[in-house]
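Reader: I'm new to this one, and I'd like to learn how to read it. Could you walk me through it, a feature at a time?

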Amino acid sequence: MSHTARQLKKAARIILVGAPGVGKGTQSERLLARFPQLASISSGDLLRENVRRRTQLGVQAEAAMQSGNLVPDSMILGLISSELTSKGWLKPSSSNSSAPNSSTASTSSSQSAASFPQISPTASFILDGFPRTATQATSLDALVPVNFVVQLVTPPSVILARIASRWVHEPSGRVYNTDFHAPKVPGKDDITGEPLTQREDDSIDTWKQRLRKFEETSRALLEHYERRGCLWRVEGKSSDEITPPAVRRI
Ligand code: AMP
């Protein structure tokens with residue numbers, strides 16, 4: 001795939017929505033390579049960083065993260081807005097310090113500019129992993145006028161087949177896939193020759209459960225952005241099929 005750098009047509013606040021295993025990380029990397037003005041903010045990375053540094057927030061979030069549940073909305077929203085602020089993209093409003101009223105998030109940018117924190121007009125970024133629910137999306141509306149929501153769709157059967165053929169060298173984290181990145185010797189790590197294993201959390205039942213949960217929680221999120229007219233659906237069986245139409249949207 002060519003990575004010719006391109007200019008954004010306008011400031012882009014992008015959200016990628018897709019089931020686990022669909023390749024959101026890959027698409028994010030490709031968009032960052034294609035559009036040098038973009039940066040990426042990953043809610044999962046921010047949380048993991050807090051857990052690693054043993055911050056108060058990290059300690060509070062850890063249990064939910066380990067059990068595969070979502071952390072509370074207020075926690076994640078605070079984390080994202082302070083990250084946007086520390087990057088200089090979100091300026092605290094001087095005229096009104098009250099918290100944005102998430103239940104009446106405005107679609108009019110002039111109205112929100114008067115009373116809410118203001119986003120820098122040139123700030124362009126991908127939010128990775130946030131928002132995950134319609135409630136989070138409503139809260140985000142009050143802070144950031146998201147203008148590209150790309151729904152990445154790969155049939156669940158294709159995702160499950162990909163997971164079933166994934167093998168890991170646990171000590172190094174090297175990942176293989178017997179369909180398109182097979183180890184030189186079946187079942188052995190290329191570098192050390194040590195045995196490869198399949199992760200317990202890669203079991204098909206666990207993945208079916210994750211995909212079901214995603215279907216449930218993403219429905220209202222997608223409807224939210226569809227109503228706002230900024231949702232685009234891009235379907236493909238592989239990341240290479242998905243990238244070109246996704247890039248064209250932005
Ligand atoms: P991820 O790396 O995006 O899969 O996130 C890892 C974990 O962080 C998730 O399983 C959740 O526990 C938590 N997390 C990440 N993003 C969010 C979010 N937007 N809302 C709630 N919890 C989140």
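Reader: Let's start with an element: in which helix does Thr-26 lie?

Author: Thr-26 is in helix H1, which covers residues 24–34. Helices (H or I, at least four residues) and strands (E, at least two) are DSSP runs, numbered from the N terminus. Before we go on, this is a predicted model, so local features need pLDDT of at least 70 and side-chain atom pairs count only at pLDDT 80 or more, while totals for chains, interfaces and linings use all residues. Residues are numbered from 1 along each chain as its sequence is written, and side-chain values use heavy atoms, with hydrogens and water left out.

Reader: Is Thr-26 buried or partly exposed?

Author: Buried means under 20% relative accessible area, exposed means over 50%, and partly exposed is in between (1.4 Å probe, protein chains only). Thr-26 has a relative accessible area of 29%, so it is partly exposed. Thr-26 also shows how the chain folds back: Asp-240 is 214 residues away in sequence, yet 9.5 Å away in space, C-alpha to C-alpha.

Reader: What should I look for between Arg-48 and the ligand?

Author: Look for a polar contact, a pair of N or O atoms within 3.5 Å; within protein, one must be able to donate a hydrogen and the other to accept it, and residues adjacent in sequence count only if both atoms are side-chain atoms. Arg-48 has a polar side-chain atom 3.0 Å from an oxygen atom of the ligand. Asn-69 uses a backbone N or O atom, 2.5 Å from a ligand oxygen atom. Val-71 also brings a backbone N or O atom, this time 3.1 Å from a nitrogen atom of the ligand.

Reader: How much of the ligand's accessible area does the protein cover?

Author: Accessible areas come from the Shrake-Rupley method with a 1.4 Å probe, and for residues only the protein chains shown count as cover. On its own the ligand has 480 Å² of accessible area, and the protein covers 82% of that.

Reader: Now the backbone. Where is the cis peptide bond?

Author: Check omega: the bond from Phe-130 to Pro-131 is cis, with omega near -5°. Pro-131 sits in the loop between strand E5 (125–128) and helix H6 (134–141).

Reader: What is the phi of Arg-54?

Author: Phi of Arg-54 is near 55°, a positive value in a residue other than glycine. Arg-54 belongs to the loop between H2 and helix H3 (56–66), and because its relative accessibility is 47%, it counts as partly exposed.

Reader: In which helix does Gly-58 lie, and is it buried or exposed?

Author: Gly-58 lies in helix H3. Its relative accessibility is 0%, so Gly-58 counts as buried. From Gly-58 to Leu-46 is twelve residues in sequence and 9.2 Å in space, C-alpha to C-alpha.

Reader: And where is Leu-152 found?

Author: Leu-152 is in strand E6. With 3% relative accessibility, Leu-152 counts as buried. Trp-232 is 80 residues from Leu-152 in sequence, but 8.7 Å from it in space, C-alpha to C-alpha.

Reader: Last one: where is Lys-208?

Author: You'll find Lys-208 in helix H8. Lys-208 has a relative accessible area of 40%, so it is partly exposed. Between Lys-208 and Ser-157 there are 9.6 Å in space, C-alpha to C-alpha, and the two are 51 residues apart in sequence.
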